[in-house]
Every structure is written in structure tokens, then in C-alpha cells.
Amino acid sequence: MAELILSDIAKHFGDATALEAISTTIPDGEFVALLGPSGCGKSTLLRLLAGFEHPSHGQIRIGSRMVADATSQLNVPPEARNIGFVFQSYALWPHMTVRRNVGYPLEIRKLSRQEQARRTDAALAATALTDFGDRMPSELSGGQRQRVALARCLVSDPTAVLLDEPLANLDVALRASMQQVFSDFHRRTRATMVYVTHDQAEAMAMADRIAVMNAGRIVQFDTPEVLYARPRNRFVAGFIGEGAVVPLCDISRDDRHSYRATLLGTRIAVNSDTDTPRLACLRPENLTIAETGDVRAKVERVTYLGGRYRLDLVAATGDPLVAQSSARFAPGDQIGLTLAAPWAFADH
Ligand code: ATP
């Protein structure tokens, strides 16, 4: 296994820019999700790592080995990168048993029978498929087929495993159980994994770190906890987790990371790591419902979440907010809120 290093990568398709200014390192053994809306460049970035696409600018290294360099036109072909790739469609051979599907890459490489059997057994075990080796793909569920595809990419002992929306074809319940399969698989193998998804809950559930992408760029690359608590801008705040973004005014600095500002008509403390905080991200945890609260709001919508309610609110200032409550409210109710210091960022 080895780290994946991208240096100032750009990718153009004709006049269109799919990726721009991507410089990042995916450390050895980390499970990274590439998360962003449709068309932001996630798949293109994955295909560049795999070698299916060539960068228009910049370099890609796997460990100390240069695998792509736009200047010298070096592009190591996919089969020579030792990278596993799992697609949305499983691409299993229908006429081969599970066992043969998984071991086929080793057959091609003409490894000894014994070595083929040993590695195939290990890959089947790592994906909980030991009992399914004699089945045909047509006799498997979608989740089991996806596990066969994962096992097949594992047998070659790849440097990294790249996964492009592998669960997109599965129903909700199966997605949840497959997320567990991927997490367990990662914990057991410590493989470097790069996982493309547009589903933030899926990324949060599995990844050590998430690269949030928008319009061809990585906007923020952090742990799920940091992305939630300290988003860099409005896009990340809106894409990760629940909450509202509201403007700040009359800002004064208390010390390096703390400010006082007026938001929703009340003066409160605000945390930020920029010199120019302009917007605050109010998560449901920042709002407490209290009769005595300075911020007045009207309940617009109530959604039962099991054990608690989600309240969509409109503050007296007109800003939409999201709160949570263990007590039931009705649309139209007027409530008071107290605010706990939110995270703030610059206005871009
Ligand atoms: P999705 O979640 O919808 O799959 P994505 O984030 O994976 O989207 P990409 O498939 O990487 O996005 O595409 C990024 C941009 O590059 C898009 O605007 C897309 O139309 C464009 N693009 C991708 N591949 C090609 C291609 N072969 N030729 C021309 N444009 C392309």
C-alpha cells in the first residue's frame, strides 16, 4: 500500500474544465470519500488516479512512483498501476462461479494453483463470501455481487482500491449493510480506499476523511467531525449536515478565534478561524428552545424523527432555521431560542 499524491491537477475536456487546481495527498491506509454534487468532477478524479484518463496539467504519484505527468506526457496504464477499481455495475463474468470470478485476475497472471487458491480464499473471507464460492453470479443478491466485485479487486493485493458509487444501484436497507461491509473490510485490510459518492450520510458513515468537491475543486478535505463543526464556507455548511447559514454584522474581535457579532438581532459570541467572518453556520445543536430566549421564531414545519422532532423555523428577522426538540410543537407556534456560539466563515 502507498499514499496517493496529486500535484496541481487539472483536467479539461475540450473547452470544459472538469477539474482545477487539485493538490492533495491521500495517506496510506486511509478511507477517503470524494463527496460533491453531480458533475463536480468526482468520477474524473477517480479515473485519473486509476489511469483511465490523463491529466491536462499536473502530476500524480503513487508512493514514490510517478504514474502521470502532463508535462512529459507520462501516463502509466491502468493495469500497471496496481490499483483496484470497483464500479457501480459489478461487471462479473456470468458464466463463471463466484470463486472463479474472484480468482480470475490471478489465473491471467499465471500464479501457481496453490497461490491462486490461497489468495482467493483470503479475498472471499475478507468479504464474507466463503460460503458462496460455488454459486453463479445470477444466484446472488445485488449486495453479494458487489462483494464479489470487491473480492476480485482484492486478490491482486492492490496499492489502493477505488470505488465509484458502488452502492448506487442498491436499495436503502442493503446500502446500510454494505456500508458496514466496506467499513469492516477497511478495518481488516487497512487498504487505502477512495470512495466516490454524492450521499453525505454515506460518506460520513464510512470515511476517515472527506474531500468535499464543488465545480472541479476540492473545497475542504477534513474529518466528518471537522466538516460538520467547522465548515470552511457556505457550500460545505450546506452540503454537510443540517443547519442554516445566517449573516453576521457589527463584528468585533475578542481574541484570535473568537468574535462578538450580531446575528438574528442578538449579540453573541462566534468562533472562526478567518480574519473576516461574515456568515455563521447554526446547527440544530446551537439552538435551544427557551421561553426567555432573545431570538423569536415561528414554527413552519414539524417532522418526527423518532424520539425527537425536527423543527423548520423562520426567525423574526426572516432567516430560516432548523432546530430539534423533544417536545411537540405545531406549525404556527411562536417560540423563543437561545444561541450557543456558532462557527463562522468568510462570505465566499
Ligand atoms: P456524477 O455524480 O453525476 O457522476 P461527477 O462529480 O462524478 O458527477 P464527473 O463525471 O467527474 O462528475 O464530470 C465532471 C465534469 O466533466 C462534468 O461537467 C462532465 O460533464 C464532464 N465530463 C466528464 N467526462 C467527460 C468526457 N469524457 N467528455 C466531456 N466531458 C466530460
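Modeller: Gladly; let's begin with pairing, where two strands pair if DSSP finds at least two bridges between them. Keep in mind that this is a predicted model.

Biologist: What makes strand 7 and strand 8 a pair?

Modeller: Pairing takes at least two bridges, and strand 7 and strand 8 (residues 160–164) have four, in the parallel sense, so they count as paired. One of the links joins V86 to its bridge partner L163 in strand 8.

Biologist: Why are helix 2 and helix 3 called oblique to each other?

Modeller: The axes of helix 2 (residues 98–108) and helix 3 (residues 113–126) cross at roughly 135 degrees and come within 9 Å. Roughly perpendicular ends at 115 and roughly antiparallel starts over 145, so an angle between those limits is oblique. Helix 2 and helix 3 are therefore oblique, and their crossing is right-handed.

Biologist: Which residues meet there, between helix 2 and helix 3?

Modeller: From helix 2, R99, V102, G103, L106 and E107 meet Q116, R119, T120, A123 and L124 of helix 3. By class, this contact has four nonpolar, three polar and three charged residues.

Biologist: How do you know that strand 19 pairs with strand 18 and with strand 20?

Modeller: The same test, at least two bridges, applies. Strand 18 (residues 295–304) and strand 19 (residues 309–315) share seven, antiparallel, with V302 opposite L311. Strand 19 and strand 20 (residues 320–325) share six, also antiparallel, and Y309 has S325 as its bridge partner. So both pairs qualify. Each is a hairpin with four residues between its strands: G306 in the turn between strand 18 and strand 19 has a positive phi of about 90 degrees, and G318 in the turn between strand 19 and strand 20 has one of about 95 degrees.

Biologist: Lastly, what surrounds the ligand?

Modeller: Its surroundings include F13, C40, K42 and H198. Helix 1 gives the most to this shell, three residues, and the shell has four nonpolar, seven polar and one charged residues.

Key: Residues are numbered from 1 along each chain as its sequence is written. This is a predicted model: local features need pLDDT of at least 70, side-chain atom pairs count only at pLDDT 80 or more; totals for chains, interfaces and linings use all residues. A residue is near a molecule or strand if its C-beta atom, placed from the backbone, lies within 6 Å of it. Helices (H or I, at least four residues) and strands (E, at least two) are DSSP runs, numbered from the N terminus. Ala, Val, Leu, Ile, Met, Phe, Trp, Tyr, Cys and Pro count as nonpolar, Asp, Glu, Lys and Arg as charged, and the others, Gly among them, as polar. Axes are lines fitted to C-alpha atoms, for helices over the stretch in contact, and angles run from 0 to 180 degrees between N-to-C directions. Angles under 35 degrees count as roughly parallel, over 145 as roughly antiparallel, 65 to 115 as roughly perpendicular and the rest as oblique. A crossing is left-handed if the near helix is turned anticlockwise from the far one by less than a right angle, and right-handed if clockwise. Two residues are in contact if their C-beta atoms, placed from the backbone, lie within 7 Å.
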